[in-house]
Amino acid sequence: MAGGIMVVSEKGKNYPGKFTWKVFYTCFIAASGGLIFGYDLGISGGVTSMDSFLSKFFPAVYEKETSTDPSNNQYCKFDSQILTLFTSSLYLAALVSSLVAATVSRKCGRRITMLMGGILFLAGALLNGFAQTVSMLIAGRLLLGFGIGCANQSVPIYLSEMAPYKYRGSLNNLFQLMITIGILIANVLNYAFSLIPGGWGWRLSLGGAMVPAMIIIFGSMTLTDTPSSLIERDRHDEAKELLKKVRGVDDVDTELADLVAARDASKQVKNQWSALLKRKYRPQLAMAIAIPFFQQLTGINVITFYAPVLFKTLGFGNSASLISAMITGTVNCLSTVVSIFLVDKFGRRVLFLEGGTQMFISQVVVTAMIAYKFGLDGVAGELSKEYAGAVVLFICIYTAGFAWSWGPLGWLVPSEIFSLEVRSALQSVNVSVNMIFTFVVAQVFTAMLCHMKFGMFIFFAFFVVVMSIFIYKFLPETKGVPIEEMTLVWQKHPYWGKYVTQDQTQTQATETPHASSD
């Protein structure tokens, strides 16, 4: 069988070190880069459900949404390509900036890339907060996207490189935790600002993105770069001193030697983009494409940035829809904390597969409930409190399944499996694919809801089955494996082993003695 086997033991190199406050502080501050992504995910769906925002920028949608005609199709009242372009334009910008960030990250370091992301996001927040026209809104969204592309490219790599391998899963998952905290804060603020008399609360929602931007700007100024990044730029002495601080021991020679060996291998790669096409990088390239592709086709972003719109479509009132989004946001945040505690205990594969099963069952139930209530014509009266509560419950169960599996692991696994010489490029591929399909889902969601109706949830449930089979057959377990030894993971895998041969691994190993003498 070509997969489904745990091929990696944890009996590799055991680098000396312990969990230190220095490494926790560094990873916590770096992970705050996830706040800007999460805040945007949460805020955009909330403002597009505010009547004052819709009446100012999207009057056609507002007229359809407030119509009292009982024959109106509930599935189609938010179907507007201009409205969805407001949400989705950000992700095209993030795609472009993540590609540029690969070069910046490799030449200038991860910290500078994070700082750039914060500055660009701050500019976008200011423009959106003072927007007077749709064009100003979209220009602001593009700047926000440039910032998110930089942050999402650099932060997961930073965390995986800085964290001790025994705690890499938990510390890397702080990034997803910050995303969920950003979503939750955005949901709470959307509700609070929607109650402001005069209907200008949406400006505070959009302009409030300045706060997470300033957190990552000032936070990144207090950070050092990662040991791998310092060595990649020939700053060996700084890297050694930093390793001593973050590992809490003086004996870091073995880890340092392996990092230098990886650097030497990376120096042989003149063009990391063309190197991606080499046979030995095929497993890593496959994961860089497949994992973010599948992550978006779980359907989570339908729940995240369209939750208020979705709940409003299902018959919830304006305030009730925002409150329901707050509930799912809270579940998302708390379930991510569960992943932080479990990922280094049970491993990546177990969480992937359990989460997939939970999401599939929840989607089937939600499909049945929506189909029963709205049918094919999309006409329904008010939802009873019990029925509405049941819909929210199963959406929360679905959200929890995602939040401790595909949510954090979609960022963790790609960032930890890439070789140093192509790490920046592959992370850019990972972010780009993520943004492409986030854009696609955001752009077509309202049209899908209008034309596919409850079948939209069946569509996403189908892909949850496909992605779970993919994980079972093709993803090896990486729990407890030092990031410098990931080549062995691929070499021992029943399927990927034919691409990453013994000869390639031995070649890297023979470079270590030479590298350690530098």
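Q: Which residues does Phe437 touch, leaving out those up to four places away in sequence?
A: Phe437 touches Phe293 and Gln296. Bear in mind that this is a predicted model.

Q: Where does Phe437 sit in the secondary structure?
A: Phe437 is in helix α21, which covers residues 420-452.

Q: And how far is Phe437 from Gln295, in sequence and in space?
A: Along the chain, Phe437 and Gln295 are 142 residues apart. From C-alpha to C-alpha the separation is 9.1 Å.

Q: Buried, exposed or in between for Phe437?
A: Phe437 has a relative accessible area of 25%, so it counts as partly exposed.

Q: OK, zooming out. What's the secondary structure made of?
A: Helices: the chain has 24 of them, and zero strands.

Q: How much of the chain is buried?
A: Of the 518 residues in the chain, 61% are buried.

Q: What share of the contacts joins residues at least 24 apart in sequence?
A: Taking contacts between residues at least 6 apart in sequence, 83% join residues at least 24 apart.

Q: Let's look at a helix pair. How do α1 and α8 pack?
A: Helix α1 (residues 21-31) packs against helix α8 (residues 168-194) at an angle of about 35°. Their axes are 8 Å apart.

Q: Left-handed or right-handed crossing?
A: α1 passes α8 in a right-handed crossing.

Q: Which residues meet there?
A: On the α1 side you have Val23, Phe24, Cys27, Phe28 and Ala31. On the α8 side, Leu171, Leu174, Phe175 and Met178 meet them.

Q: What about Cys333, buried or exposed?
A: Cys333 is at 11% relative accessibility and therefore counts as buried.

Q: How many disulfides does the structure hold?
A: Zero disulfides.

Q: Back to α1. Where is Thr26, and what does Thr26 touch beyond four places away in sequence?
A: Thr26 is found in helix α1. Thr26 touches Tyr158, Met162 and Leu223.

Q: How far is Thr26 from Val246?
A: The C-alpha atoms of Thr26 and Val246 are separated by 8.7 Å. Along the chain, Thr26 and Val246 are 220 residues apart.

Q: Why does Thr26 count as buried?
A: Because the relative accessible area of Thr26 is 3%, and the cut-off for buried is under 20%.

Q: Switching to glycines. Where's Gly149?
A: Gly149 is in helix α7, residues 134-162.

Q: What's around Gly149, not counting residues up to four places away in sequence?
A: Gly149 touches Ala94, Ser97, Ser98 and Val431. Ala93 is 56 residues away from Gly149 in sequence, with 7.4 Å between their C-alpha atoms.

Q: Is Gly149 buried or exposed?
A: Gly149 is at 0% relative accessibility, so it counts as buried.

Q: Now some loops. Where does Ser49 go?
A: Ser49 is in the loop between α2 (34-47) and α3 (51-57).

Q: Buried or exposed for Ser49?
A: Ser49 is buried, with a relative accessible area of 0%.

Q: And how far is Ser49 from Tyr62?
A: Ser49 and Tyr62 are 13 residues apart in sequence. In space they are 9.3 Å apart, C-alpha to C-alpha.

Q: Last one: how accessible is Asp234?
A: Asp234 is at 46% relative accessibility, so it counts as partly exposed.

Key
Residues are numbered from 1 along each chain as its sequence is written. This is a predicted model: local features need pLDDT of at least 70, side-chain atom pairs count only at pLDDT 80 or more; totals for chains, interfaces and linings use all residues. Side-chain values use heavy atoms; hydrogens and water are left out. Axes are lines fitted to C-alpha atoms, for helices over the stretch in contact, and angles run from 0 to 180 degrees between N-to-C directions. Helices (H or I, at least four residues) and strands (E, at least two) are DSSP runs, numbered from the N terminus. A crossing is left-handed if the near helix is turned anticlockwise from the far one by less than a right angle, and right-handed if clockwise. Contact means heavy atoms within 4.5 Å. Buried means under 20% relative accessible area, exposed over 50%, partly exposed in between (1.4 Å probe, protein chains only). A disulfide is a pair of cysteine sulfur atoms within 2.5 Å.
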